[in-house]
Amino acid sequence: MGYKNGQTGYPGAPLASRAVIKKNNYALIPPAGLVKNRVPGFDNCEMTILASRKLGASFVDYVVTMLPEGKNDLGFGGDGVETFVYVLDGRIRAGDGSRDYALERDGYLYLPPDKKLYLENRAGGNSELFLYKRLYQPLAGHQPRAFAGNAGEIKSYDYEGMKDVQIWDLLPTDDLGFDMNFHILSFERGASHGYIETHVQEHGALILEGEGIYNLDNEWLTVGKGDYIFMAAYTLQAAYGIGRSECFRYLYSKDCNRDESLKE
Ligand code: UGY
Ligand code: MN
C-alpha cells in the first residue's frame, strides 16, 4: 500500500488503485501508489515527483518527507527556475542563500528564478513539504520577488459570489512580476464550483482536507486528503465538497499574468 501510509507487505485484499493517468489531460495520483524518487541535493528526504513534463505539465511538483536530518544544501531551482515550498506539517528553515525564513505548518515561500532554495528540517521529527518548480516566463519591466507567508494568517474571500466556497491567494495578485500563483480553495459540504471550468491555465492540486467529487474532463472521480490532481491546459474541471469533514480543501498552482506565445 506504499511508503506514504507506512503499509508495506501484502495488502490482504486484491490489488487495486484509484489512480487515473491521462497524459496531457489529467491525472489523479493517490498517496497509496507513490514510490520514492532519489533527487540529487535532497539528503535524508523521502520524496516523490508528481506532475512533470512527462505527464504534460510545464512544472514539476513533489511531496517531500524531510527526516530528522533532512536538508538540501545544494540549492533547488535558480538559473531561471522559480520555486515554491509549502509546509504541510513540521518546521523547516528555508533560505535563499542570503536570507533565512522559519516556516511552520501552512507556512510557504516563493523564490524568484535568480535565487536557489535551501532547506533544512527543524522539527524534532519529520517535516512534510509540497514543492514546486517551473521555468519563469520573464516580462519586460517586471520582476518577481521572494515572498513568504502563512496560509493560516491570510484572509480568505468568497469564491465567485459563493459564501460556502472560500479562496486564499498565497502570492500577490497585483504584481505582473509573478507569472504564477498558489491558492487554497475550500468547499463546505455540498458546495461546488459554479460551473465546469475550461481554461488555458494548468493546475497541480494537493488535497489538504476532506473528500470531494471531482469532474476531470467530464469523468466524476472521488478524491480525498493526500490525493494529488494534475489538470492540463483546457481540461474540464469542477468539484463538489462531500464527506464527513468540515470542508473539502486543496492547495493548487495556477499560471497567470502572461499572454500566450505563438512559438513552441
Ligand atoms: O482558479 C481556478 O482556476 C480554480 N477554480 N480551479 C479549480 O479549482 N480546479
Ligand atoms: Mn481552474
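Strands here are DSSP runs of E at least two residues long, and helices are runs of H or I of at least four residues, both numbered from the N terminus. Two strands count as paired if DSSP finds at least two bridges between them. The structure is a predicted model, in which local features need pLDDT of at least 70 and side-chain atom pairs count only at pLDDT 80 or more, while totals for chains, interfaces and linings use all residues. Residues are numbered from 1 along each chain as its sequence is written, chains are lettered from A and ligands numbered from 1 in the order in which they are written, and side-chain values use heavy atoms, without hydrogens and water.

Strands of a sheet pair through backbone hydrogen bonds, either parallel or antiparallel. An open sheet of eight antiparallel strands runs in the order 1-2-18-15-20-14-13-12. Strand 1 (20-22) and strand 12 (157-159) are its edges; each has a single partner strand, so one side of each has no neighbour in the sheet. From one strand to the next the twist averages 25°, taken between lines fitted to C-alpha atoms, with angles from 0 to 180 degrees between N-to-C directions. Within this sheet, strand 13 (residues 162-169) and strand 14 (residues 180-188) are antiparallel and joined by five bridges. Gln166 has Ser186 in strand 14 as its bridge partner.

A second open sheet has three strands in the order 17-16-19, again with antiparallel pairing. Its edges are strand 17 (219-224) and strand 19 (237-242), each with a single partner strand, so one side of each is left without a neighbour. Strand 16 (residues 211-216) pairs with strand 19 over six bridges, and Gly212 is opposite Gly241 in strand 19.

His199 and His203 are both buried, that is, under 20% relative accessible area with a 1.4 Å probe, protein chains only.

Oxygen atoms of ligand 1 lie 2.9 Å from a polar side-chain atom of His193 and 2.9 Å from a side-chain N or O atom of Lys254.

How values were computed
Buried means under 20% relative accessible area, exposed over 50%, partly exposed in between (1.4 Å probe, protein chains only). A polar contact is a pair of N or O atoms within 3.5 Å; within protein, one must be able to donate a hydrogen and the other to accept it, and residues adjacent in sequence count only if both atoms are side-chain atoms.
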